[in-house]
Amino acid sequence: MQPAPSNAEFRLDLFAVPAVLVSFLLLGFFVAAKTPDPLMALQAWTFMAGIGVALFWLVQHYKNGIPDDDRSAYANDIVKAGVIASMFWGIAGMLVGVIIALQLAFPTIFYFPDFPFTNFGRLRPLHTSAVVFAFGGNVLIATSFYVVQRTSKARLAGGLWPWFVFWGYQTFILVAGTGYLIGVTQGREYAEPEWYMDLWLTLVWVTYLLVFLGTLWKRKEPHIYVANWFYLAFIVTVAMLHIVNNLAVPVSWLGIKSYSAFAGVQDALTQWWYGHNAVGFFLTAGFLAIMYYFIPKQAQRPVYSYRLSIVHFWSLIFIYIWAGPHHLHYTALPVWAQTLGMTFSIMLWMPSWGGMINGLMTLSGAWDKLRTDPILRMLVVSVAFYGMSTFEGPVMSIKAVNALSHYTDWTIGHVHSGALGWVGFVSFGALYCLTPWLWKRQRLYSMSLVEWHFGISTIGIVFYITSMWVSGIMQGLMWRAYNDFGFLEYSFVETVEAMHPYYIIRAFGGLLYLTGTLIMAYNLWRTIRGDVRASEPLALGPQMTPQLATA
């Protein structure tokens with residue numbers, strides 16, 4: 001138990017964090033006043049708005065002295081803020097995803113030439129970044145701050161600095177997202193923000209790493225739980241990937257554009273070393289940490305094999321980092337590098353399934369809970385999707401298969417089976433767990449709504465990925481079909497026409513998934529208010545018993 005800080009105690013963080021924020025606020029004002037580029041000026045004003053909100057929150061939070069949350073054993077308010085931010089950005093990102101799916105299905109209806117910010121080319125990166133980095137990133141930050149405290153039996157290190165991480169990350173999301181809408185991008189997949197926001201994110205992310213390491217350093221539990229290994233690998237590797245891939249020289253310190261430090265095939269290889277490992281460490285390692293904490297907690301069972309979790313960890317982080325070149329088959333990349341990426345991708349199958357087996361087998365002796373606990377069911381189904389995606393990925397990395405699948409909708413189906421099934425469901429399960437624990441509620445507002453969310457979203461995933469599998473394979477086969485004279489059998493327009501019904505199905509599946517997410521947001525909002533659905537019993541749900549004792 002941490003000793004309660006005194007109001008008379010001098011805390012450097014209470015001065016340092018506001019000072020840093022004010023300094024960047026003044027820097028933003030200077031750039032806005034001096035830049036000749038109107039887009040840069042708009043970005044600077046947006047950045048100032050984000051910093052201004054953070055400063056306003058700090059004043060409100062500390063105007064009456066040190067709040068009660070700063071005196072408690074664990075820092076819970078920041079995790080609560082992460083839960084709320086996760087739901088907000090999740091709905092926003094998925095809504096944009098439905099819009100662009102409808103644009104592809106009905107381009108004559110959902111095309112607005114007078115409003116360029118609504119074009120597919122600007123909304124598509126907004127959707128990707130909002131779902132991956134805004135929703136997924138906030139889930140990872142919130143759960144990591146929750147888990148590292150409980151498994152270390154130590155309060156979050158840094159005092160006010162975790163709040164700098166939270167608000168700094170929200171500011172990054174705000175500026176980057178609005179930048180996409182006005183056409184500001186460096187055109188790198190998963191790394192769209194320009195140089196100035198890359199620098200800001202680096203500062204925020206290094207602070208995140210120091211807060212996490214500081215909490216581990218002062219832990220009272222001698223053992224470092226395996227979830228923290230995965231969180232740490234995610235934080236460190238993403239920092240390395242971000243810095244190297246975004247090495248660039250700005251055209252002007254007061255301008256938007258920059259030039260990459262790499263060129264040609266070296267630039268392509270660096271980008272996909274980053275891109276694939278953003279998937280590997282942001283969307284895999286980080287969410288495996290969630291799996292290793294929340295599934296045992298919800299099932300009230302220990303991890304099936306701690307030894308397997310350690311083998312899983314080291315093999316995954318060693319092999320994953322080499323697999324990026326499989327994105328560049330049949331390009332100017334040397335054949336040996338393509339083959340290296342393919343080989344390591346196939347090897348990834350083993351450690352990936354080691355994690356899946358460990359997650360599923362944690363339910364040994366508790367499989368009956370799946371009948372009565374929809375939260376646990378959602379977590380377990382997410383692990384099943386993880387296993388399916390990590391089987392499909394290595395298969396698609398094989399050159400002969402990749403010749404058919406690459407640049408087709410098969411890849412879109414593969415990505416979304418992992419994003420919707422694995423990342424989405426394990427995140428939803430964690431948020432369903434965290435909300436009653438953090439707000440000290442006996443249970444969720446409605447377990448029936450969790451059932452509805454699970455059912456509707458699962459059907460949505462099935463519609464989405466099966467339509468893209470069929471569309472993608474058909475697309476690849478049509479592209480490589482030749483007639484008796486050696487000419488292409490189908491024009492590009494004919495392939496687009498053939499895919500139209502599958503695009504409608506895809507949009508419908510995405511709409512169902514978004515509907516499930518909205519149901520969840522309503523359920524969590526009512527839970528936070530302390531409401532309990534009148535038609536459901538007030539008795540503790542099976543998932544609530546141990547957590548209330550430790551939260």
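Helices H16 and H17 are roughly antiparallel to each other, a term applied to angles over 145 degrees, because they pack at an angle of about 165°, with their axes 8 Å apart. The model is a predicted one, in which local features need pLDDT of at least 70 and side-chain atom pairs count only at pLDDT 80 or more, whereas totals for chains, interfaces and linings use all residues. Residues are numbered from 1 along each chain as its sequence is written, and side-chain values use heavy atoms, with hydrogens and water left out. H16 comprises residues 447-479 and H17 residues 492-529, helices being DSSP runs (H or I, at least four residues) numbered from the N terminus. The contact of H16 with H17 has 24 nonpolar, 13 polar and 2 charged residues, where Ala, Val, Leu, Ile, Met, Phe, Trp, Tyr, Cys and Pro count as nonpolar, Asp, Glu, Lys and Arg as charged, and the others, Gly among them, as polar.

Helix H8 (residues 264-299) and helix H9 (residues 306-320) have axes that come within 11 Å and cross at roughly 170°, which makes H8 roughly antiparallel to H9. Residues in contact (heavy atoms within 4.5 Å) include His 276, Phe 281 and Tyr 292 of H8 and His 312, Leu 316 and Tyr 320 of H9. By class, this contact has 7 nonpolar, 6 polar and no charged residues.

The lining of the second largest pocket has 29 nonpolar, 9 polar and 1 charged residues. H5 (161-181) is among the helices that each supply at least two lining residues, and H5 gives the most, with 9 residues.

Terms used. Axes are lines fitted to C-alpha atoms, for helices over the stretch in contact, and angles run from 0 to 180 degrees between N-to-C directions. Angles under 35 degrees count as roughly parallel, over 145 as roughly antiparallel, 65 to 115 as roughly perpendicular and the rest as oblique.
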